[in-house]
Amino acid sequence: MHIHILGICGTFMAGIAALAKAHGHKVTGCDQNVYPPMSTQLEQLGITITEGYDSNQIEIKPDIFIIGNVISRGNSLIESILNNKLTYQSGPQWLYENILHSKWVLAVAGTHGKTTTTAMLAWILEVNGLAPGFLIGGIPNNFKISARLPISSNKNSPSFFVIEADEYDTAFFDKRSKFVHYRPNTLILNNLEFDHADIFDNIEHIEKHFHHLIRTIPSIGKIIFNNDSSSIKKVLKKGCWSKIEDFGFTGKWSYKKVSENEFEVYFEERSQGNLKWDLIGHHNALNALAAIAAAKHVGITADSSISALGKFKNVKKRMELLDSIKGINIYDDFAHHPTAIKTTLEGLRSKIGNDRIVVIIDPRSNTMKLGKMKDDLLKSLKEADIIFCFSKNLSWDPKMLFK
């Protein structure tokens with residue numbers, strides 16, 4: 001089958017492309033902005049990318065067009081597809097019907113930490129011999145790729161697939177959150193705050209969509225949730241039909257800090273061992289607890305998970321050290337929500353002490369462009385000594401924050 005993907009350079013759609021290629025399909029695609037790291041990954045897979053959405057792309061005559069959620073009505077290629085009654089589908093629907101439906105799916109949802117936690121969980125399963133498939137919204141340094149099919153040789157054991165479960169909408173013709181398509185057996189709910197102001201009206205609107213996800217979890221499934229999140233607790237109180245297990249300061253899974261790069265893991269107040277690794281920050285400790293709890297649901301002991309995470313190398317653009325020049329460390333980080341920015345900088349401050357932190361921030365998310373969180377953004381930068389803010393395409397003036 002020939003699949004042509006619109007919006008192929010987005011992290012999710014590039015993952016779909018990689019999975020479809022591995023599944024034996026011919027894959028091509030197009031995007032308005034062709035850029036690394038996903039364009040590089042696609043080129044390495046031998047996938048041809050067309051720049052732009054010219055309507056004459058229907059002449060390549062694929063069997064199906066897979067439509068990314070960045071594509072809107074009025075797009076010339078979309079209009080041509082619709083006018084000619086050609087076959088099309090969303091990425092999440094294609095993924096479930098062709099890949100996920102027969103797998104034990106472990107999904108990671110939440111406002112922050114999805115990519116990192118998904119990478120952690122996939123790595124734990126990998127080290128412990130379960131050879132999972134995965135689709136991650138970034139490139140984990142342990143795998144060097146964002147997506148792959150499961151590698152299973154035992155027909156008598158389940159095939160596992162770990163997926164980053166995004167609450168963003170599915171496509172222009174399907175406004176449900178992407179994650180309702182995945183139907184996981186194991187679900188992590190990391191946290192829940194207001195975000196994506198371009199599609200959600202308020203926090204209650206997002207909570208409603210998260211409850212749609214909870215409704216898809218089977219009664220024999222398990223939900224691993226952050227006990228420190230009041231919004232997640234509200235969502236669960238709306239109705240829950242699955243097993244639940246919590247993590248956080250007061251959860252079944254908790255931790256005690258030993259040093260900046262080490263903490264002790266507890267389950268029901270009993271020590272499970274110490275995790276010493278390269279990552280820093282409270283948020284990453286919570287991510288690890290969630291991954292350890294989810295791995296236990298598929299039979300991996302806590303000490304085995306802790307051992308695996310000791311070798312975890314994080315994801316590109318997550319506090320990624322790019323270079324050190326004359327004693328100056330240069331990091332790249334993807335954090336785009338004020339809470340994520342705050343916890344990332346707090347972790348860095350805790351690591352470096354009184355050394356100077358210079359932040360260069362580019363508010364590129366739709367929520368940031370709209371200015372919905374500009375006051376919270378200033379508070380999130382408290383640990384920075386010097387701040388540079390890129391203001392192109394913003395509907396508000398960053399200078400107003402500092403008056």
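Ala, Val, Leu, Ile, Met, Phe, Trp, Tyr, Cys and Pro count here as nonpolar, Asp, Glu, Lys and Arg as charged, and the others, Gly among them, as polar. The structure is a predicted model, in which local features need pLDDT of at least 70 and side-chain atom pairs count only at pLDDT 80 or more, while totals for chains, interfaces and linings use all residues. Residues are numbered from 1 along each chain as its sequence is written, and side-chain values use heavy atoms, with hydrogens and water left out. Helices (H or I, at least four residues) and strands (E, at least two) are DSSP runs, numbered from the N terminus.

**Second largest pocket**

- A pocket, on a 1 Å grid over the protein atoms alone, is an open set of points where a 1.4 Å probe fits, with protein on both sides within 12 Å along at least five of seven lines, and its lining residues have an atom within 4 Å of a point.
- The second largest pocket holds about 200 Å³ of space, a volume being the space filled by probe spheres set on the grid points, which are joined across faces, edges and corners.
- Its lining consists of 17 residues, and Tyr255, Lys257, Ile280, Gly281 and His282 lie nearest the centre.
- Two or more lining residues come from each of strand S15 (253-259), strand S16 (262-267), H8 and helix H10 (338-352), with H10 giving the most, four residues.
- Sorted by class, this lining has six nonpolar, seven polar and four charged residues.

**Helix H5**

- Helix H5 (residues 114-127) has 14 residues and reaches 20 Å from its first C-alpha to its last, close to the 20 Å expected at 1.5 Å a residue, where the expected span is 1.5 Å times one less than the number of residues.
- Because 12 of its 14 residues are buried, H5 is largely enclosed by the rest of the structure; buried means under 20% relative accessible area, exposed over 50%, and partly exposed in between (1.4 Å probe, protein chains only).
- The buried residues of H5 include Met120, Leu121, Trp123 and Ile124, and what covers the buried residues includes strand S6 (104-109), strand S9 (160-164) and helix H8 (282-297).
- Just after H5, Gly129 takes a positive phi of about 80 degrees.

**Loop residues**

- Most residues other than glycine have a negative phi.
- Lys61, in the loop between strand S3 (48-51) and strand S4 (64-67), is not a glycine but has a positive phi of about 55 degrees, and counts as exposed at 64% relative accessibility.
- Lys144, likewise not a glycine, has a positive phi of about 70 degrees and counts as exposed at 56% relative accessibility.

Notes
Contact means heavy atoms within 4.5 Å.
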